[in-house]
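Please read the following briefing alongside the sequence and the three-dimensional view.

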Amino acid sequence: MIPPAVEFVDVHAWFGPTHVLRAIDLAVAPGETVVICGPSGSGKSTLIRAVNGLVAHGAGTIRVAGLVLDGSAKATDAVRARVGMVFQSFDLFPHLTVLENCTLAPLHARRLGLKAARDLALGHLDRVGLADRAGRLPAELSGGQQQRVAIARALCLEPEVMLLDEPTSALDPEMVGEVLAVLTDLARGGTTLLCVTHEMGFARAVADRVVFMDEGQIVEIAPPDAFFDQPQHPRTQAFLSRILG
Amino acid sequence: MSSDGNPERFVRAAMIPPAPPPRRLGGPLARIRATLFPDLANGLVTLAILAALVWLVPAAFRFLVVDAIWTGASGEACRPEVTGRPVGACWAFIGDKINYLAYGSYPAAERWRPNLFFGLLAFGAAWMLWLGAPKRAWGAVYLFVAVPVLAYLLLAGLPALGLASVATALWGGLLVTVVVSGVGIVAALPLGILLALGRRSDWPVIRILSIGFIEFWRGVPLITVLFMANVMLPLFLPGDLTVDRLVRPLVGIALFASAYMAEVVRGGLQAIPVGQRQAALALGLTPFQATRAVVLPQALKIVVPGIVNTLIGLFKDTTLVAIVGLADFVRVLEAARADPRWSAPAVPVTAYVFAALFYFAVCFGMARYAGFIERRLAAGDAR
Amino acid sequence: MLKPRVSWRALAVQVLLVGALAALASFAASNAAQKLARQGIVAGFGFLGRPAGFDIGQSLIPYAAATATYLDAFLVGLLNTLLVSGLAIVLATGLGFAVGIARRADNPLVRAFAAAYVELFRNLPLLLQLLVWYVAVRVALPPASDPATLGQAAFLSQRGLFLPRPDFLGLAAVVPLAFVAALAATGLLLRARRRAVALGKKPVPVLWPGALLCLGLPALAWIGLGLAGHPVPVAWPMRGPYDIEGGLPVRPEFAALLLGLSTYSAAFIAEIVRSGLDSVARGQREAAAALSLSRAQTLRLVVLPQALRVIVPPLTSQYLNITKNSSLAVLIGYPDLVHVFMGTVLNQTNQAVEVVSLTMCVYLSLSLATALVMNRHNARVAGSRT
């Protein structure tokens, strides 16, 4: 059996007294694309952030690329070096150019040489179609372009898993397409993707499985066609009817 | 309920209710280890700080309370050779000098007058600083008009009213500190408001004069202002008219503080959206009325924390009036500890500790109050 | 668009205002002129050429009571002010940044300790702190009768620290000139680096070459002079009958003022740094952490550069405050500009108007210079990177 890229075994998490993740069991195979959806407050972002330790889980086991997240700084750092994350608000570093944003991690965390880092960064920037903007500052780019840079920045870690937290929710509608195109390209290229999104068209086209969450727990998992055409759980049905109309 | 590693399909049978978080292994001990000793560097620093605390806190307590001398008539009481035990703070010294520290050389029989002054001032300050107080406009008139007049009559005296004259040279200690800070803030606030409005005026002369005034007083040290007032004010007056030695630094401080207050008020005015003034004008108010009734009250409410901070700065700055010979609290303390009757090694230390405790209590208290007001204002505006 | 009409009323009021102020000013001036004339004081700055006749405890330039003029005294005071302010700025910045960063550390004890430092030093009057430092410094030093020595080169006692003093006069002026040249060269390097970064090219290093230049060039000049047969003359401190004489004295008043100013201002700088750190969006730290950067790397590469934008304007205000607060020197006896000029010289010559205006001019020029530099920096920051 090929070991899963990301594995949750009976994972719970609390924010203070609030039980935000309940009994999460999920295994993501290498190269698989999993889309997570659900109403706001359902714990989707928390789940994603638990994968690279931005949120600490209180019970259960999380395994990423074979490493166990035991709360120690060493384990967390090791996992973060293998996991790339893209945020809803892009969070590019405004005082650095596009190229410097992408070379920051390879230079300082992975300790690559300057030339190797720049070549790597330019390669990934080319992949997202922004190599010609390498010398610009983030403020000079549109939202869609910034998010594509954010994706390239994450890819410069050469990660085994890519986490995406509502990557297109903060974008104007006309820019959503360019970002989804890049993500589709990534997914089809064999990268393990764990993506929280409301873009159902994207999910249908690219996801291997769709996970529906509500109240901190996984309510339904299904392949996209089955998920959208024949949802089984009443909550899934209610949610889909609300957002798909 | 768990499913085998990688289900293609899964449907939850029953929803899981929320559960409380588990008690961590080891409980609070593990949390302490995580926050205070996560790695070697942090651990060493934690140990260093704990060691410092373990040494400092009992030593301070011993000095301030356990070994302190509370009663005595002279420095003998505070010497270790005489008492036979280690000696901490010589509070007996403070007790003996307390009237001098509070009033300076103000005649003992007339001390009810500074006391009354303190009371009137405290009442006025409380009225203005308590945001929920009724009729605060009357409070402003009280504090900015009535109290200064009453204070002058009470403290300096007016023989016609039966109050014996007390020369300002006799005033000292806390009285001088409060008078200087009080006059400073009471003069600075109205003047600062005028300057802030003047800085935003459309009339170039007013604007240039306001900016020049503000930048001048903000660009020079307070000590030079005090020197200047002391030396130059008598020169500018005609004939043999002279200015009381207390009034000169008061004028300097009032002008100095008004420039800083002007900047504080300006910050508040800038924070009011332009739409407020425009709406007031659209309602038919004249520009003067719009400012007075709509913009200024809102701006002043916002800058109450800034005003309190200016007051704190002013209170600390009063220590500088010693340079022109005024006997403020610190100067009076220095004079008191030089008294040969109270010569003991513990006395100077006690004097400085007492001064530190006093200023810290007042300034820290006022700062907390300003923070409290700021949070109250922010909460009020939050939707 | 309506053009604003010139209001006659506004014009009239303003003219009247200017007139009234001018009248008041001339009235005051004439009173002052009369009174000064009556005291036999000659207006004008000619008095600066007269001999001073008093000694100054610490001086950066050669100053002998017998031959120095009031102008020399003014210069000594000015240099002393700049010296203590400059050093205090450096120390306060270092300490302030450390405490400010500590206020946002993960360790709660460190955070509490830093917060206690800030509250303690901010809420006590500077004068009180200076008095305490002065007593503490004197108590810590060996008595004047039995100073500590470093061979014959330096002495330390309650009278001060006495170091050998090089006299950079005549040919030896090459050494400080070399230092200034090194500073200018570092400035040029900095500009070249900025241009390279703007063009996206590899930036030239500045820190090490700059430090090397500033230390090495003057040293080379010194050695060179020695080898050329014109060694820099050095005045060594020597034990005289009452006191240690000669050399470069560093007074306890200076040490107390420096320590007091630095620790006091560091508390304010710490708060400025803390609010600068807080101004950086939380998402930035998350993104850096997700890129597997350590806390220290996140602070150095992501948070601080952004925080500096918010920190620099109030920081320069604090630097100006340090310079103004150095005037408290008069209360512990350090001979700064106010003490020497507005104190002693004014007392001796009674040239009140000239002395006061000259002193105020010095401080106002410093304020103005700082404001200009700040405006240029703000314009550059706002114009380029947002």
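D91(A) is found in the loop between β6 (83-86) and α3 (98-108) of chain A, where helices (H or I, at least four residues) and strands (E, at least two) are DSSP runs, numbered from the N terminus. This is a predicted model, in which local features need pLDDT of at least 70 and side-chain atom pairs count only at pLDDT 80 or more, while totals for chains, interfaces and linings use all residues. Residues are numbered from 1 along each chain as its sequence is written, chains are lettered from A and ligands numbered from 1 in the order in which they are written, and side-chain values use heavy atoms, with hydrogens and water left out.

- Most residues other than glycine have a negative phi.
- D91(A), although not a glycine, has a positive phi of about 55 degrees.
- With 10% relative accessibility, D91(A) counts as buried; buried means under 20% relative accessible area, exposed over 50%, and partly exposed in between (1.4 Å probe, protein chains only).
- N350(C) is not a glycine either, yet its phi is positive, at about 60 degrees.
- The place of N350(C) is the loop between α10 (337-349) and α11 (352-383) of chain C, and its relative accessible area of 40% makes this residue partly exposed.

**The sheet of chain A**

- Four strands of chain A form an open sheet in the order β2-β1-β4-β5, with antiparallel pairing; two strands pair if DSSP finds at least two bridges between them.
- The edge strands of this sheet are β2 (18-28) and β5 (67-68) of chain A, each of which pairs on one side only.
- Strand β4 (residues 59-64) of chain A is joined to β5(A) by two bridges, and these strands run antiparallel.
- V64(A) has L67(A), in β5(A), as its bridge partner.

**Aromatic pairs**

- Over all chains, the structure holds 24 aromatic pairs; rings of Phe, Tyr and Trp (its six-membered ring) pair if their centres lie within 6.5 Å, and planes under 30 degrees apart count as stacked, over 60 as edge-to-face and the rest as tilted.
- One of these pairs is formed by W127(B) and Y142(B), whose ring centres are 5.9 Å apart and whose planes lie at 40 degrees, so the pair is tilted.
- Because W127(B) lies in helix α5 (residues 112-129) of chain B and Y142(B) in helix α6 (residues 136-156) of chain B, the pair ties together parts that are 15 residues apart in sequence.
- Y142(B) is buried, as its relative accessible area is 14%.
- F329(B) and Y359(B) form an edge-to-face pair, with 6.0 Å from centre to centre and 75 degrees between the planes.
- This pair links distant parts of the chain, 30 residues apart, with F329(B) in helix α14 (residues 329-337) of chain B and Y359(B) in helix α15 (residues 346-381) of chain B.
- F329(B) is buried, at a relative accessible area of 3%, and Y359(B) is buried as well, at 0%.
- Ring pairs link F329(B) and Y359(B) into a cluster with F315(B), F354(B) and F358(B).

**Charges over rings**

- R153(A) lies over the face of F93(A), at 4.6 Å from the ring centre; a charge sits over a ring if NZ of Lys or CZ of Arg is within 6 Å of the ring centre and within 35 degrees of the ring normal.
- In chain C, the charged end of R138(C) sits over the ring of Y134(C), 4.4 Å from its centre.
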